[in-house]
Amino acid sequence: KILSLKRESQAENLFTKEQGQHIYARIRHELRDLPSPGLLVLDFHQIKHITLTCLRQILRIFHERGSEAFAAKSLLIKLYDANWDLKESLRLVAKEESLVLLCCDSSGNWEVLGNLTHALRTTVEVVQKLARATSEQVSKLLNLRLSAASNRLRQLYKMGLVVRNEESLPITGGRQFVYAFVLSCPFWEQQS
């Protein structure tokens, strides 16, 4: 699902705390109603100016990502090449608020802004390259203990950067999680 901030606010300049609170409430509502797994795209197209005060209100939703209500639901910020100032504002707020923001430009290039460690960045890149990754595969590729690989994948899942599906093992009948980068998932391709 795509949520256009311009359409939602009916303005191309977002200055007030109240505008941010209104958009935050709308995002929260849309995210809650989204099926799991799901992706909500926050489309910043045609937003010319936004204050840090307004942006902080909108981005409060990223503090709630790990909650049970939003499990298996991801947020993507869609940016456009002309709005460099917005990207810098997002970077600043993400750093100040200890957030992790997944951003995508109009060409489909993605970038993570904010507080993501080098280890987690490396892990998300491995998951993206594998398309379908298990803890065991990540463990082998990054030369990690299985528990460390599992912990990294769990963190990325809570951040909304990967989705997971539980599958049964063919021989033992046991269960394992299979992870995929959020932008590689079928629900993303349907929304593009």
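What you see is a predicted model. Numbering starts from 1 along each chain.

**Stop 1**

Select Gln-10. This residue sits in the loop between α1 (5–9) and β2 (13–14). Is Gln-10 buried or exposed? Gln-10 is exposed, with a relative accessible area of 73%.

**Stop 2: a cis peptide bond**

Go to Ser-36 and Pro-37. The peptide bond from Ser-36 to Pro-37 is cis. Its omega is near -10°. To place Pro-37, find α2 (17–33) and β3 (38–43): Pro-37 lies in the loop between them.

**Stop 3: the cysteines**

Now select Cys-54, Cys-103 and Cys-104. How many disulfides does a search of the whole structure find? The search finds zero. A disulfide needs two cysteine sulfur atoms within 2.5 Å.

Start with Cys-54. The closest cysteine sulfur to its own is in Cys-103, 16 Å away, so the two are too far apart for a bond. Cys-54 is buried, with a relative accessible area of 0%.

Move on to Cys-103. The closest cysteine sulfur here belongs to Cys-104, at 8.8 Å, which is also too far for a bond. Cys-103 counts as buried too, at 3% relative accessibility.

**Stop 4: α5 against α6**

Select helix α5, residues 118–130, and then α6, residues 135–142. Their axes come within 11 Å and cross at roughly 115°. The crossing is right-handed.

Show the side chains at the contact. From α5, pick Thr-122, Thr-123, Val-126, Val-127 and Leu-130. They meet Gln-137, Val-138, Leu-141 and Leu-142 of α6. Color the contact of α5 with α6 by class: six residues are nonpolar, three are polar and none is charged.

**Stop 5: the link between them**

Select Ala-131, in the loop between α5 and α6. Ala-131 is not a glycine, yet its phi is positive, about 75°. Ala-131 is partly exposed, with a relative accessible area of 40%.

**Stop 6: α6 against α7**

How are α6 and α7 oriented to each other? They are roughly perpendicular. α6 passes α7 in a right-handed crossing.

Now show the residues that touch:

- In α6, select Ser-135, Glu-136, Val-138, Ser-139 and Leu-142.
- In α7, their partners are Leu-146, Ala-149, Ser-150, Arg-152 and Leu-153.

The contact of α6 with α7 holds five nonpolar, three polar and two charged residues.

**Stop 7: α5 against α7**

Which residues of α5 meet α7? Select Ala-119, Leu-120, Thr-123, Val-124 and Val-127. Across from them in α7 are Arg-152, Leu-153, Gln-155 and Leu-156. By class, the contact of α5 with α7 has six nonpolar, two polar and one charged residues.

**Last view**

Show α5, α6 and α7 together. Highlight Thr-123 and Val-127 of α5: they take part in the contact with α6 and in the contact with α7. Then highlight Val-138 and Leu-142 of α6, which meet residues of α5 and of α7. Finish on Arg-152 and Leu-153 of α7, which meet α6 as well as α5.

Methods. This is a predicted model: local features need pLDDT of at least 70, side-chain atom pairs count only at pLDDT 80 or more; totals for chains, interfaces and linings use all residues. Side-chain values use heavy atoms; hydrogens and water are left out. Buried means under 20% relative accessible area, exposed over 50%, partly exposed in between (1.4 Å probe, protein chains only). Axes are lines fitted to C-alpha atoms, for helices over the stretch in contact, and angles run from 0 to 180 degrees between N-to-C directions. Helices (H or I, at least four residues) and strands (E, at least two) are DSSP runs, numbered from the N terminus. Angles under 35 degrees count as roughly parallel, over 145 as roughly antiparallel, 65 to 115 as roughly perpendicular and the rest as oblique. A crossing is left-handed if the near helix is turned anticlockwise from the far one by less than a right angle, and right-handed if clockwise. Contact means heavy atoms within 4.5 Å. Ala, Val, Leu, Ile, Met, Phe, Trp, Tyr, Cys and Pro count as nonpolar, Asp, Glu, Lys and Arg as charged, and the others, Gly among them, as polar.
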